[in-house]
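Good morning, colleagues. Please turn to the sequence and the model on the screen.

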Amino acid sequence: MSTTSDFERMLRGASLRVTAARVAVLSVVHRHPHADTDSILGLVRGMLGSVSHQAVYDVLRALTAAGLLRRIQPMGSVARYETRVGDNHHHLVCRSCGAIADVECAVGEAPCLTASDDNGFVLDEAEVIYWGVCPDCSSSPPLTPHR
């Protein structure tokens, strides 16, 4: 588990000033991977007291730009953040409840991770999202309409 001093080191290593808001956001996202902005805001406020929505947005933007956070946004979902950066892991998303889980890099022949034509782009990442139903939702009885 990372500590405040670990987060301070990460910030300094990315040439970012250490602030209470930045440390709090890193701590929250580390403890709650795939959290959305509103959840992060609520948890940061629980740690620091009063902090503006804009301040949290600014911190998320700065930490993402510095490579300390990764922003993901599965189709139909709000942006979510995680501290697992620097690898090319993928995500599993539940179509029913929206739960998100990490999965290691895709293997095998399908899906194709090498573009058939890069159109002149210099590729550095492939983002894969697997969609399905999580274990909790698949073991729940289907909802029936009320009559």
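How many bridges join β1 to strand β3? Two bridges connect β1 with β3 (residues 80-82), and the two strands run antiparallel. This is a predicted model, in which local features need pLDDT of at least 70 and side-chain atom pairs pLDDT 80 or more, while totals for chains, interfaces and linings use all residues. Residues are numbered from 1 along each chain as its sequence is written, and side-chain values use heavy atoms, without hydrogens or water.

Helices (H or I, at least four residues) and strands (E, at least two) are DSSP runs numbered from the N terminus, and strands pair if DSSP finds at least two bridges between them.

Within β3, Tyr-81 is the bridge partner of Ala-35. The open sheet here has three strands in the order β1-β3-β2, with antiparallel pairing. β1 (35-36) and β2 (70-72) are the edge strands, each with a single partner, so one side of each lacks a neighbour in the sheet.

Next, the hairpin. β4 (residues 90-94) and β5 (residues 100-103) pair in the antiparallel sense over four bridges, with Val-93 opposite Ile-100 in β5. Five residues lie between these strands, and Gly-98 takes a positive phi near 85°.

Finally, the helices. α2 (residues 20-31) and α4 (residues 53-65) pack at about 70°, their axes 10 Å apart; axes are lines fitted to C-alpha atoms, for helices over the stretch in contact, and angles run from 0 to 180 degrees between N-to-C directions. The two helices are therefore roughly perpendicular, a class covering 65 to 115 degrees, with under 35 roughly parallel, over 145 roughly antiparallel and the rest oblique.
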